[in-house]
Amino acid sequence: MQTGQLATAYEAPRDKTEETLAALWAKVLDVERVGVHDNFFELGGDSILSIQLISHARQAGLRLTSKQMFIHQTVAELASAIGNSDADAPAAREQAPEAAGKVELTPVQRWFFAEHTVDPDRYAMSVHVALAPDTDPAVLERALAAVVDHHDALRMRYADDGAGGWVQEYGERPEGLLRVRDLTAVADRERALDEAALEAQRALDLCAGTLVRGVFLRLPAGAPPRLFLAVHHLVMDGVSWRIVMDDLSIAYAQLAEGRPVDLGPRTSSYQQWAERLTTYVRSGALDHETAYWRKALSGAMDIPCDGPAAGTYGEVAVESSALDRSTTDALLQRAPAAFRTRINDVLLAALGRVLRDWTGGPVTIALEGHGREELFDDIDLSRTVGWFTTIYPVALDVPKGPWEAALKTVKKTLRKLPGRGLGYGALRYLSEAGGAAHTALAATSQPRISFNYLGQWDGAADNGGGLIRDRLDSLGADQAPDETRPHLIDVVAAVSRGELRVDWLYAPSAHTATTVRRLADDFATALRQIAAAAGN
């Protein structure tokens with residue numbers, strides 16, 4: 001747990017609402033304590049963590065929205081905005097009905113099917129975690145089944161629509177969600193772990209509705225058992241992973257105690273969101289953004305290549321860098337407070353400076369966002385599982401000179417983004433074919449480099465005695481090796497165990513290891529400079 005570099009003098013909560021919010025902030029932000037005047041984003045908060053906070057708050061009876069989180073950034077302000085009446089009684093939460101029938105494909109799902117044509121079955125998101133020593137695989141399988149039953153999207157299935165597209169609809173929960181692999185007597189354990197993961201990843205089948213496959217890994221005495229869980233990316237994103245793993249822990253604990261599983265009320269279904277978003281786009285509500293997105297994709301520098309500008313998942317290589325706890329703490333807490341900005345601004349300012357030095361000019365990147373925007377008052381996605389990610393172009397034009405000026409420039413650029421980026425994919429993939437928006441955006445080329453900040457994962461493990469004890473390194477291969485990657489370089493950042501790790505995924509045929517290593521080192525250096533500047 002971080003000690004917390006608070007920008008203001010600590011002041012304790014003064015009523016029940018403030019106590020609840022302060023406790024939830026401390027849990028989500030992984031800090032020891034939170035005062036009523038501490039700023040959520042200056043403590044390292046980000047948009048993904050704000051969604052987690054909203055979810056936990058609603059379970060505690062407090063009704064929050066993302067808009068409130070961004071407007072009222074301290075506990076005191078937020079408590080006042082909520083109103084004390086919500087603290088005295090649980091908020092009224094209606095149970096969303098179990099979803100059934102066909103579901104419109106969302107923008108990111110349409111992007112997926114357009115870009116991944118070789119083997120769309122093989123595109124997973126996976127986690128590898130250490131479990132409590134006494135974990136019972138039979139109980140774990142029942143808990144996983146309860147989670148799949150609760151979250152409708154995990155029961156999707158897909159079919160060819162006969163016209164070169166795909167149809168998505170809800171189906172029944174498939175059998176065989178969890179396999180048990182006994183590795184207690186295996187000599188080459190690492191190879192066996194990888195093979196077990198690959199088996200799960202290869203088992204995913206869109207048409208059969210096999211979107212979830214887990215493996216319980218039993219290891220020699222003294223080593224805790226592990227869980228490898230693969231879920232097809234079409235129904236999973238970073239926020240959903242947090243929901244699923246939290247619910248798996250809750251369901252396991254309830255079953256282990258002989259109680260029925262209760263995961264709380266369902267929030268709005270993926271089906272509701274997809275239908276409302278499609279109708280919204282085709283009503284013309286986002287047409288005014290078309291010119292902005294068309295301009296965002298024009299006139300930017302392309303990135304240089306050392307070889308052919310293409311690459312597959314099978315040849316992908318990684319260059320990584322990690323910042324120590326002290327530097328990470330400075331970036332998450334001191335920098336946002338010192339420069340009145342957010343961690344995403346900090347990361348993108350450093351990235352933009354590095355890319356400009358490499359290419360000689362501003363570079364347009366594909367930026368990923370969580371996509372759970374509050375467009376509709378009656379849609380609540382705070383605990384809805386599915387793939388909501390937005391992918392949109394952002395031109396990073398970061399000037400030379402002091403980092404304070406660079407951060408202001410990036411902050412200004414990001415705050416000008418219409419609708420936090422949702423409109424680009426919505427207009428490109430949901431607009432009527434032949435319409436002005438579709439015509440303007442459908443043929444535009446995608447940026448060569450992407451960036452995704454996954455937020456903080458330190459809260460994913462429960463060292464206090466719960467099911468999940470630690471996050472472990474990835475296993476197997478989530479994507480089909482022959483599939484072409486949409487971007488030449490993917491930059492993925494996340495905080496785990498208190499340290500910021502940045503992975504640069506690239507194709508060795510397009511860029512040498514020397515080139516990417518230099519970029520990774522320059523990026524880490526830029527972040528250290530910002531951290532140092534924040535302390536002055």
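**Notes on sheets, helices and rings**

1. Strand S1 and strand S4 (residues 166-170) run antiparallel and are joined by two bridges. Lysine 102 has glutamate 169 in S4 standing opposite. Before going on, a word on the source: this is a predicted model, in which local features need pLDDT of at least 70 and side-chain atom pairs count only at pLDDT 80 or more, while totals for chains, interfaces and linings use all residues. Residues are numbered from 1 along each chain as its sequence is written, and side-chain values use heavy atoms, with hydrogens and water left out.

2. That pairing belongs to an open sheet of three strands, ordered S1-S4-S3, with antiparallel pairing. Helices (H or I, at least four residues) and strands (E, at least two) are DSSP runs numbered from the N terminus, and two strands pair if DSSP finds at least two bridges between them. Strand S1 (102-103) and strand S3 (156-160) are at the edges with a single partner strand each, so one side of each has no neighbour in the sheet.

3. Another open sheet has five strands in the order S5-S6-S7-S2-S12, and its pairing is mixed. Its edges are strand S5 (178-182) and strand S12 (468-471); each has a single partner strand, so one side of each is left without a neighbour in the sheet. On average, neighbouring strands here are turned by 25 degrees against each other, direction ignored. For angles, axes are lines fitted to C-alpha atoms, for helices over the stretch in contact, and the angles run from 0 to 180 degrees between N-to-C directions.

4. Leucine 131 has isoleucine 468 as its bridge partner in S12. Helix H9 packs on the sheet and touches S2, strand S7 (226-232) and S12, and the direction of H9 makes about 35 degrees with that of S2. Contact here means heavy atoms within 4.5 Å.

5. Leucine 178 is worth a look in strand S5. With a relative accessible area of 7%, leucine 178 is buried (buried is under 20% relative accessible area, exposed over 50%, partly exposed in between, using a 1.4 Å probe and protein chains only). Leaving aside neighbours within four places in sequence, leucine 178 has contacts that include Pro137, Leu140, Val215 and Phe216. Arginine 213 is 35 residues from leucine 178 in sequence and 6.0 Å away in space, C-alpha to C-alpha.

6. How do H2 and H9 pack, in angle and axis distance? Helix H2 (residues 47-59) and helix H9 (residues 238-256) make an angle of about 35 degrees, and their axes are 10 Å apart. The crossing of H2 past H9 is right-handed, meaning that the near helix is turned clockwise from the far one by less than a right angle. Ile48, Ile51, Gln52 and His56 of H2 meet Val239, Arg242 and Asp246 of H9. These contact residues divide into three nonpolar, two polar and two charged, where Ala, Val, Leu, Ile, Met, Phe, Trp, Tyr, Cys and Pro count as nonpolar, Asp, Glu, Lys and Arg as charged, and the others, Gly among them, as polar.

7. Now the aromatic rings: the whole structure holds 17 aromatic pairs. Rings of Phe, Tyr and Trp (its six-membered ring) pair if their centres lie within 6.5 Å; planes under 30 degrees apart are stacked, over 60 edge-to-face and the rest tilted. Phenylalanine 40 and phenylalanine 41 are edge-to-face, at 5.2 Å centre to centre with 90 degrees between the planes, and both are buried. Tryptophan 293 and tyrosine 392 are also edge-to-face, at 6.1 Å centre to centre and 65 degrees between the planes. This second pair links distant parts of the chain, 99 residues apart, with tryptophan 293 in helix H11 (residues 290-296) and tyrosine 392 in strand S10 (residues 390-396). Tryptophan 293 is buried at 0% relative accessibility, and tyrosine 392 at 7%. Ring pairs also link a cluster that includes Trp111, Phe112, Tyr158 and Trp387.

8. Lastly, strand S8 (residues 317-323) has a covered face of Ala317, Glu319, Ser321 and Leu323, and an uncovered face of Val318, Ser320 and Ala322. Seven bridges pair S8 with strand S14 (residues 499-506) in the antiparallel sense. Alanine 317 is opposite tyrosine 506 in S14.
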